[in-house]
Amino acid sequence: MSPISRIWNWRITVGAAVLLVAIALLAVSIGPIPISFSSILRTLLGLHHGLNGEQRTLVLDLRLPRVILAALVGAALSCSGAVYQTVFRNPLADPYLLGAASGAGLGATLAITASHGNVYGLLPIFSFVGGILAVLTSFFISGRFFAEPNTLLLSGIAVGSFATAVQTFIQQRHSDALRPVYSWILGELTAASWQVVSWSAFYILLAISTMVFISKKLDGLMLSDEEAFSLGINPHRLRIIAVLAATLATATAVSASGLIGFVGIVVPHLVRGITRRVTNRSLLTIALVGAAFLVLADLGARTLLSPAELPIGVITAFVGAPFFLFVLRNKRVSYS
Amino acid sequence: MISIKDLTVRYGNREILHDISMDIVDGAWTCLVGPNGAGKTTLLKALLGTCEYSGSITDNNEEVFRNHNRNVAFVPQNPHIPAGMTVAEYVMLGRSKRDGWGNESLSSRTFIADILQQTQLYGMQGQHVSQLSGGETQRALIARALAQEPTLILLDEPTSALDLHHQISVLNDIEILKERGVTVVSTMHDITLAAMYAQYISIIHDGRVTLTGPSETVIHSPQLRDAFDNRINVFTLESGRPVIVADKAINERGIPQTEA
């Protein structure tokens, strides 16, 4: 009798990392002015015959920060989506579930209406604070600080609806803010700069490392609390750490790039479907695939109707939805 | 030995267990018997250490509440079956406390293969747990408990919703644990089966333990009939095995056995 096969194979993770690097290179290379892979690599590695002048600026200051931001946001949303799905034992959970999106939306709307067009100074801070506040409110009103996942879920929905109502009201009173608010809601990475990349990288990498660090134990949360306890876990404490990390990642992603939908649900299920494994040991892989997915989506957003830009949220849903359905319909990977 | 002294459990204002004192013998199978709502599941959770109580429960002189030093397996009546999780993955979770989370050493995986063989699940390891039949799911739960190599296993109604054939096969799997020296505490609806497998039976009625002792003694005690409002009758087959049946069924069919 042979031993059972491994539950998780780290070669999958390595494969996902290679995929991300390849797609990122492709995204830096493609644009109105195409730039060869070798020039990009030489420039990045500081070798001879790298790019000079305008092309160098184009790669280092425009395309590269945008690609990195897309990767960070994609990794943040898909990783936190996967964690929320585990913690709430609900395959439909997404990163915006606990009011993070609506809270951030309200914060962004306040920033846009208050600053009369000078949005980018205040917007990330306002939306970040709005998102975090909304989630903390959900925690607070659910009572006993997250003793029972479903109560928190419902509180999140209530807080989210409330924030959306306030946001809609403010938006109606300031009709000039409609367009910027709307375009923010659809998600955009046009504001990417090294400054945005550096602060969002700090929070997102901190949150993702926390989630990956606890990922093995998260499998215990898929069972009942008693079973989790018997396997040596403190389910209550683990859930709080997991949700806080996932919320930090989500709030940062939202404040850097607006509301990019669908990534948080599609990518985790895509990875689980293809690998046929539901273990949370796949979290790092999910983050890497999410990063690659969003870099690709952003590439589409800025090139498909070039020189015009599509909102990236439109791409993620337009491409993601049919692909997701294909995966769900595929009997080989079904997991009802 | 597990020693329970003056155990009281409250959910809000409701007192579920009142002032229970009893001992649980190491390496034996103790079955908690009583009607629905008597507090059996709560007692199991208190023994696990997840439910707040007053009084004391000590396992080898250590208080059990939120104590992670022990290795206790818990088999719930209504388990959460994670969607998409395979039998191998599910049973492997049982190793996590002993081997560390995410450990997949060859010895661990060989050990799991052995357990799957014992519980007749070998060959199904790639299937989703959610697609197993009721009996197979229960065996997967027991297999996970076996993988845990616990010193104590708590089972909440391990045979409910199973047909007789699967009841016996699950109970035999639990016996494997007992033979390895594991202390077994279970609740069970079917008192006849409880008497067949467990060495000790405790009767729980309205949150109180009314009698605890060797199965033979407890089965024939008046306290058992009291706990079920005198709606059961105990008969002894020629083999000496006790059979407990609902009162009404006896009156209608007149089963020709001698009353104990």
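**Close-up views of a predicted two-chain model**

**View 1. Contact between chain A and chain B.** In this predicted model, 27 residues of chain A are in contact with 32 residues of chain B. Two elements of chain A give two or more residues to the side that touches chain B: helix 9 (215–218) and helix 10 (225–230). Helix 10 of chain A supplies the largest share of that side, five residues. Sorted by class, the side of chain A that touches chain B holds 11 nonpolar, six polar and 10 charged residues.

**View 2. The six-stranded sheet of chain B.** Six strands of chain B form an open sheet with mixed pairing, in the order 6-7-8-3-9-10. Strand 6 (72–75) and strand 10 (208–214) of chain B are the edge strands, each pairing on one side only. From one strand to the next, the twist averages 15°. Strand 9 of chain B and strand 10 of chain B are joined by six bridges and pair in the antiparallel sense. Within this pair, I203(B) stands opposite L211(B) of strand 10 of chain B.

**View 3. Strand 3 of chain B and its two partners.** Strand 3 of chain B (residues 29–33) runs parallel to strand 8 of chain B (residues 183–187), and four bridges join them. Here T30(B) stands opposite V185(B) of strand 8 of chain B. Strand 3 of chain B is also joined by four bridges to strand 9 of chain B (residues 200–205), again in parallel. The bridge partner of L32(B) in strand 9 of chain B is S202(B). W29(B), C31(B) and V33(B) point one way from strand 3 of chain B, while T30(B) and L32(B) point the other way. Five of the five residues of strand 3 of chain B are buried, so this strand is largely enclosed by the rest of the structure. The cut-off for buried is 20 or more other C-beta atoms within 10 Å.

**View 4. Helices packed on the sheet of chain B.** Helix 1 of chain B (residues 40–48) packs on the sheet and touches strand 3, strand 6, strand 7 (152–155), strand 8 and strand 9 of chain B. The direction of helix 1 of chain B makes about 150° with that of strand 8 of chain B. Helix 5 of chain B (residues 134–148) lies across strand 6 and strand 7 of chain B. Relative to strand 6 of chain B, helix 5 of chain B runs at about 175°.

**View 5. Helix 4 against helix 7 in chain A.** Helix 4 (residues 100–115) and helix 7 (residues 178–185) of chain A pack with their axes 10 Å apart, at an angle of about 150°. Angles over 145 degrees count as roughly antiparallel, and helix 4 of chain A and helix 7 of chain A are therefore roughly antiparallel to each other. Their crossing is right-handed. From helix 4 of chain A, G105(A), A108(A), T109(A) and I112(A) meet P180(A), V181(A), W184(A) and I185(A) of helix 7 of chain A. The residues of this contact divide into six nonpolar, two polar and no charged.

**View 6. Helix 8 against helix 11 in chain A.** The axes of helix 8 (residues 194–213) and helix 11 (residues 235–257) of chain A come within 8 Å and cross at roughly 160°. Helix 8 of chain A and helix 11 of chain A are therefore roughly antiparallel to each other, and their crossing is left-handed. Residues of helix 8 of chain A in the contact include V196(A), S200(A), Y203(A) and I204(A). Those of helix 11 of chain A include I241(A), A242(A), L248(A) and T252(A). By class, the residues of the contact of helix 8 of chain A with helix 11 of chain A are 14 nonpolar, three polar and no charged.

View 7. The peptide bond from S306(A) to P307(A) is cis, with omega near 5°. P307(A) lies in the loop between helix 13 (283–303) and helix 14 (312–329) of chain A. R89(A), a residue other than glycine, has a positive phi near 50°. R89(A) sits in the loop between helix 3 (53–87) and helix 4 of chain A. With 16 other C-beta atoms within 10 Å, R89(A) is partly exposed. N61(B), also not a glycine, has a positive phi near 65°. The loop holding N61(B) is between strand 4 (54–59) and strand 5 (62–63) of chain B. N61(B) counts as exposed because it has 7 C-beta neighbours inside 10 Å.

Methods:
Residues numbered from 1 in each chain as written. Chains lettered and ligands numbered in written order. Predicted model: local features only at pLDDT ≥ 70, side-chain atom pairs only at ≥ 80, totals over all residues. Contact = placed C-beta atoms within 7 Å. Nonpolar A, V, L, I, M, F, W, Y, C, P; charged D, E, K, R; others polar. Buried ≥ 20, exposed ≤ 12 C-beta atoms within 10 Å, placed from the backbone. Pairing = 2+ DSSP bridges. Axes fitted to C-alpha atoms, helices over the stretch in contact; angles between N-to-C directions. Parallel < 35°, antiparallel > 145°, perpendicular 65-115°, else oblique. Left-handed = near helix turned anticlockwise from the far one by under 90°.
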